[in-house]
Amino acid sequence: MDNRQAIGSWLSGPRAAAEDMGVDFGYRGQRLGLPQEGPGSVARFGRRFGALAIDWVGCQVIAFGLITHGNATATGNWTLALFVVLSILTVGTVGFTPGKRLVGLRVVAEDGGRLGFGRVLLRTVLLALVVPALVWDRDGRGLHDRLARAVQVRI
């Protein structure tokens, strides 16, 4: 075997090279005991990003129109504050934000139960920092979900 095959090309990456050599990573959520498709399966990036965009735009509209009265310089900070409050309150009580509900997602604990307040708070603070949400594991979960022992699933 050539070392280039073991490392993978810059296009395919090391995961594709490992799969070419016969390594089976399974499907997203298999290690968590979740189904491969349908309700209860791990949410894909597109749905999660869509839910985030819906929630962010909603918070931005509220901040711009109701709180800052059109002051664009203050709107960004208020949008983030509203987003944090929205996430803590809605995920902590019903398990989803309005955006997640619209695209058919729910945040649950790894064992399938509800997240406690401390884990919701940790997850939301890390999500507001943005960087932890950009670091994913092989199940497609962001670092904010891993540290809070949460997973976003389809409804």
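Here's a quick tour of a pocket and an aromatic cluster in this structure. It's a predicted model, so local features need pLDDT of at least 70 and side-chain atom pairs count only at pLDDT 80 or more, while totals for chains, interfaces and linings use all residues. Residues are numbered from 1 along each chain as its sequence is written, and side-chain values use heavy atoms, with hydrogens and water left out.

**The largest pocket**

- The largest pocket holds about 450 Å³ of space. A pocket here is an open set of points on a 1 Å grid over the protein atoms alone, where a 1.4 Å probe fits, with protein on both sides within 12 Å along at least five of seven lines. Its volume is the space filled by probe spheres set on the points.
- The largest pocket has 23 lining residues (those with an atom within 4 Å of a point), and Arg48, Leu52, Leu127, Ala133 and His144 lie nearest its centre.
- Helix α3 gives the most to this lining, with seven residues (helices are DSSP runs of H or I, at least four residues, numbered from the N terminus).

**The aromatic cluster**

- Phe45, Phe49 and Trp136 form one aromatic cluster; rings pair if their centres lie within 6.5 Å.
- Phe45 and Phe49 have ring centres 5.8 Å apart and planes at 25°, so they're stacked (under 30 degrees).

Notes. Helices (H or I, at least four residues) and strands (E, at least two) are DSSP runs, numbered from the N terminus. Rings of Phe, Tyr and Trp (its six-membered ring) pair if their centres lie within 6.5 Å; planes under 30 degrees apart count as stacked, over 60 as edge-to-face and the rest as tilted.
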